[in-house]
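Q: Please take a close look at one part of this model and walk me through its contacts. Start with a loop side chain, then work through to the helix packing.

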Amino acid sequence: MDYRNARTLIDGRIDCEIEHPILGWIPFTADPADAGAQFDVAALHAQMLADPATAPYAPPSAEEVAAALDAARAAMSLSFAQLLIGLVSEAWMTEAEGEAWLAGALPAPITALIDTLPSEQRFAAKARALRPSVVERTDPLVLTLGAAQGKTPEQLDAFFTTYSQV
């Protein structure tokens, strides 16, 4: 089988393109444990391993890792209910403050945080806080609330990951 652009992955599999008889050149990952293919993948994998043109594994650069992390964070979101459940469950606010927020009254700590924002950002933050349809991980109010609680970016990631499941 013809292949090109072979490069080894961290787990030993090999990404490449293979020449399919009908589709032409298509992406393929050669896994020697793959028993469901229409051809001997283990033999192809061995052939590519022996080929000096097969690129060795290269870890992603710091920039690639940072870009992937930024993209993952930008995709994180919670509903308003999930946010409040998390804030109360994690004791970032009391249940009474959560209930007041549900009723449309911003808790004093949230109002205080909004007041620390530049004046041109306060109305938008208040509107997003009072009537959020979706709470985004990268929202400035989320970042400010996390910082006020002494939370690291990784802890905010874990919060969003955990409470997106409730």
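A: The side chain of Asp 11 makes a polar contact with the side chain of Arg 13, at 2.6 Å. The model is predicted. Asp 11 sits in the loop between strand S1 (3-8) and strand S2 (14-20). Is Asp 11 buried, exposed or partly exposed? Its relative accessibility is 47%, so Asp 11 counts as partly exposed. The cut-offs behind that are under 20% for buried and over 50% for exposed. For a distance reference, take Ala 43. Asp 11 and Ala 43 are separated by 32 residues in sequence. Their C-alpha atoms are 17 Å apart in space.

Strand S1 also holds Asn 5. Asn 5 is not a glycine, yet its phi is positive, at about 55°.

Next, Thr 54. This residue lies in the loop between helix H1 (41-50) and helix H2 (62-75). Thr 54 has 10% relative accessibility, so it counts as buried. A polar atom of the Thr 54 side chain lies 2.5 Å from the backbone oxygen of Met 48. With neighbours within four places in sequence left aside, Thr 54 is in contact with Ala 6, Arg 7, Thr 8, Ile 14 and Met 48.

Now helix H3 (80-89). Gln 82 lies in this helix. At 14% relative accessibility, Gln 82 counts as buried. Which backbone atom lies 3.2 Å from a polar atom of the Gln 82 side chain? The backbone oxygen of Val 166 does. Val 166 is also one of the residues in contact with Gln 82 once neighbours within four places in sequence are left aside.

H3 packs with helix H4 (residues 95-102). Their axes come within 9 Å and cross at roughly 165°. That angle makes H3 roughly antiparallel to H4, because angles over 145 degrees count as roughly antiparallel. The crossing of the two helices is right-handed. On the H3 side, the contact uses Phe 80, Leu 83, Leu 84, Leu 87 and Val 88. On the H4 side, Glu 95, Gly 98, Trp 101 and Leu 102 meet them. By class, the contact of H3 with H4 has 7 nonpolar, 1 polar and 1 charged residues.

Ala 91 lies in the loop between H3 and H4. Its phi is near 60°, a positive value in a residue other than glycine. Ala 91 has a relative accessible area of 61%, so it is exposed.

On to helix H5 (108-115). Leu 113 lies in H5. At 11% relative accessibility, Leu 113 counts as buried. Not counting residues up to four places away in sequence, Leu 113 touches Thr 144, Leu 145 and Ala 148. Gly 98, from the H4 side of the H3 contact, gives another distance reference. Leu 113 and Gly 98 are 15 residues apart in sequence, and their C-alpha atoms are 16 Å apart in space.

How do H5 and H7 pack? The angle is about 110°, with the axes 10 Å apart. H5 is therefore roughly perpendicular to H7, because that label covers 65 to 115 degrees. The crossing of H5 and H7 is right-handed. Ile 110, Leu 113 and Ile 114 come from H5. Leu 141, Thr 144, Leu 145 and Ala 148 come from H7. By class, this contact has 6 nonpolar, 1 polar and no charged residues.

Last, helix H7 (residues 140-148). Its buried residues are Leu 141, Val 142, Thr 144, Leu 145 and Gly 146. What covers them? The cover includes H3, H5, helix H6 (119-130), strand S5 (135-136) and helix H8 (153-163). At the start of H7, a side-chain oxygen of Asp 139 reaches to within 2.7 Å of the backbone nitrogen of Leu 141. Leu 141 is also among the H7 residues that H5 meets. Just after H7, Gly 150 takes a positive phi of about 75°.

How values were computed. Residues are numbered from 1 along each chain as its sequence is written. This is a predicted model: local features need pLDDT of at least 70, side-chain atom pairs count only at pLDDT 80 or more; totals for chains, interfaces and linings use all residues. Side-chain values use heavy atoms; hydrogens and water are left out. Buried means under 20% relative accessible area, exposed over 50%, partly exposed in between (1.4 Å probe, protein chains only). Helices (H or I, at least four residues) and strands (E, at least two) are DSSP runs, numbered from the N terminus. Contact means heavy atoms within 4.5 Å. A polar contact is a pair of N or O atoms within 3.5 Å; within protein, one must be able to donate a hydrogen and the other to accept it, and residues adjacent in sequence count only if both atoms are side-chain atoms. Axes are lines fitted to C-alpha atoms, for helices over the stretch in contact, and angles run from 0 to 180 degrees between N-to-C directions. Angles under 35 degrees count as roughly parallel, over 145 as roughly antiparallel, 65 to 115 as roughly perpendicular and the rest as oblique. A crossing is left-handed if the near helix is turned anticlockwise from the far one by less than a right angle, and right-handed if clockwise. Ala, Val, Leu, Ile, Met, Phe, Trp, Tyr, Cys and Pro count as nonpolar, Asp, Glu, Lys and Arg as charged, and the others, Gly among them, as polar.
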